[in-house]
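Reader: Hello! Could you walk me through some of the terms used for this structure?

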Amino acid sequence: MVLVWRLFTRSISSQRIKFRKSMITHKQLFYTCLTPSIRFSRKSPIFSILRCYTTNAIKTKSLNSTVRFTTKKRETSELKNLIVLAVPEKWRLFGAITFLLISSTITMVVPFSLGKLIDIIYASDKEDTKKNLNQLCIILFGVFVIGALCNFCRIYLMSTTGHRITQSLRKQLYAAILRQEIAVFDKCNTGEFVGRLSGDTQLVSQALTSNISDGLRSTFMSICGISMMLYASPKLAIIGLTIVPPVAGLAIVCGRYLKKISKDMQNNLAELNTIAEERISNIRTVKAFSKEINESNYYNSQLDNVLKICYKESLCRGIFFGLTGFSGNVIILSVLYYGGAMVSDSSLTVGSLSAFLMYAVYVAISLNGLSSFYSELNKALGANMRLAELIEREPTIPIQGGKILEKQLSGDIEFQNVNFAYPTRRNTWVLKNFSLKIPPCMVIAIVGASGSGKSTIASLLLRLYDPNLGSILLDKHDLQSLNPAWVRSQISIVSQEPILFSGTIRENILYGAIDSVKHDVEEVAKYAHVLEFTKNMPDGLDTLVGERGITLSGGQRQRVAIARALIKEPKILILDEATSALDAESEHYVQKALEKAVQGRTVLTIAHRLSTIKNADKVIVLKEGQVTETGTYKELVNLKDSYFHKLVQHQTFA
């Protein structure tokens with residue numbers, strides 16, 4: 001087994017890191033950070049990478065040695081990571097394996113007993129035949145009953161353990177997905193995460209329970225069967241087992257190939273999930289542009305890619321099982337031929353030959369089961385690699401940890417020489433040397449052309465991203481040193497396109513509350529003028545909003561989002577074009593509510609309408625990620641040659 005494992009692990013290659021140049025680039029270093037399952041030791045490899053990054057002194061040879069080092073470590077840990085998942089269920093698995101050994105032992109007793117039964121029937125002493133036959137049949141019936149009970153316990157324990165492992169794995173994976181920083185979601189599609197939650201977890205749990213059970217059963221039956229074959233007739237056993245080494249080699253080759261196919265299959269299925277999720281969730285857009293047929297054709301083309309991979313898997317499995325089945329039949333034919341000759345010269349009894357044939361069949365079935373176990377294990381290893389990459393990954397922006405100040409935030413905000421580019425567009429700077437100081441309890445309006453970085457400022461303040469250079473201070477404390485959860489508990493945001501969850505209006509408003517018991521939903525709803533439209537609904541605040549709030553109008557969703565933001569009673573309020581979706585009447589009501597809401601709070605509003613800008617204490621004008629002008633609305637609009645004056649004239653500060 002050690003030799004087979006070494007042969008197996010030696011073939012696994014790391015496909016995640018490929019050094020195509022003699023130097024390590026930014027992209028390679030960044031991807032190494034995103035892959036926690038690949039870790040460098042504290043010895044020379046890590047210092048080699050740092051020296052390469054700082055001095056560009058290390059060439060391709062040293063890089064290849066580093067890759068081999070990390071690859072070897074990853075290869076040996078794949079099976080270990082898979083087994084670790086089953087540790088919490090070790091006692092249930094131990095019980096299932098115990099029942100498995102008992103039931104397998106009973107199964108392997110059957111051929112021997114039938115052989116003795118045949119010899120009893122063909123015995124010359126006819127007087128004791130019936131007596132011995134009755135005793136043997138009664139004993140075998142009792143043994144079969146015990147075997148059936150053991151089989152029941154084995155299957156029940158394995159099945160329930162599989163469900164428990166799946167549940168635990170999904171809990172870990174879902175928690176790992178939620179704690180990742182936003183940059184990860186910018187790069188990965190929703191369908192990929194859903195695919196990992198549903199398909200990969202199920203595949204891994206099956207490998208750890210049903211597949212392991214079948215593999216252990218096949219291993220035990222193979223060992224017992226071969227032992228009994230050697231006991232019955234060593235000569236026939238040697239003839240029958242000549243096929244085992246070629247079958248084992250074929251299993252190793254096919255298993256490696258199936259592992260690669262499994263990974264490709266899971267990636268393609270994740271892409272399919274993404275396509276289906278996006279199109280179905282945006283079905284109104286699809287129908288508005290009459291793209292039903294086009295989307296069906298596109299989905300079908302992606303299905304064809306999956307089908308091609310399935311064909312490869314089917315071809316591999318067909319060749320393997322076809323050859324193993326043929327080999328097994330050839331062995332049985334050989335055993336019948338040589339065994340018949342041995343029976344004819346009385347060197348072997350008919351019962352012993354019958355028992356030997358049954359053991360040969362059991363061994364053939366068990367070896368076939370071992371090959372299936374090996375191929376399914378490789379599939380699970382491929383799926384577990386995808387899960388481990390995400391579960392073990394530590395986010396660059398944690399959800400907990402950091403300082404919690406003795407007092408609540410006062411609302412003092414300062415951006416100091418902030419430079420920022422999104423992780424997906426690292427060469428495009430959104431903010432460049434951006435500096436801004438906002439005193440507490442002020443209403444600041446940020447205006448600028450589309451793409452000037454207005455919404456990015458809100459994302460950085462919520463610490464959805466960290467700046468590449470510079471720092472953000474809250475009450476004179478660096479934002480990165482504070483506890484993110486504590487900071488976000490005192491900041492509320494109303495985004496340009498508010499997203500509601502599929503539930504009731506009341507549940508969506510309470511989603512923003514830290515403690516839902518302390519708040520009066522009706523009061524907040526009245527404050528944000530949500531009751532203006534819910535009073536005409538039969539269920540009022542308990543009306544279901546549908547997926548993403550699709551049953552509400554844009555203005556209604558916006559008002560629910562404002563209520564959700566206000567119920568938290570934040571110290572800092574971010575309004576990212578919060579009134580852009582409202583009609584004139586709704587804006588009038590909401591503007592009054594916001595005027596009350598801003599009292600005692602620092603408000604950062606991404607301005608879209610002139611009414612919002614006029615009511616601001618200070619206006620910040622952005623151009624290409626930099627502050628170009630600051631002042632009150634009257635001061636800036638009176639500057640005829642100012643950039644703000646041009647924006648007002650052309651209404652391009654959306």
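Author: Gladly, starting with pockets. On a 1 Å grid over the protein atoms alone, a pocket is an open set of points where a 1.4 Å probe fits, with protein on both sides within 12 Å along at least five of seven lines; lining residues have an atom within 4 Å of a point. This is a predicted model, where local features need pLDDT of at least 70 and side-chain atom pairs pLDDT 80 or more, while totals for chains, interfaces and linings use all residues. Residues are numbered from 1 along each chain, and side-chain values use heavy atoms, without hydrogens and water.

Reader: What volume does the largest pocket have?

Author: About 2,300 Å³, taken as the space filled by probe spheres set on the points, which are joined across faces, edges and corners. Its lining has 44 residues, and Ile182, Leu464, Ile499, Phe501 and Tyr511 lie nearest the centre.

Reader: Why is serine 471 called buried?

Author: Buried means under 20% relative accessible area (1.4 Å probe, protein chains only). Serine 471 has 16%, so serine 471 is buried.

Reader: And why does glycine 147 count as buried?

Author: The relative accessibility of glycine 147 is 7%, so the label buried applies here too.

Reader: Which residues does glycine 147 contact, leaving aside neighbours within four places in sequence?

Author: Ser103 and Ile106; contact means heavy atoms within 4.5 Å. By that rule, serine 471 touches Glu414, Phe415, Gln416, Val418 and Asp478, not counting residues up to four places away in sequence.

Conventions: Buried < 20%, exposed > 50% of the residue type's maximum accessible area, 1.4 Å probe, protein only.
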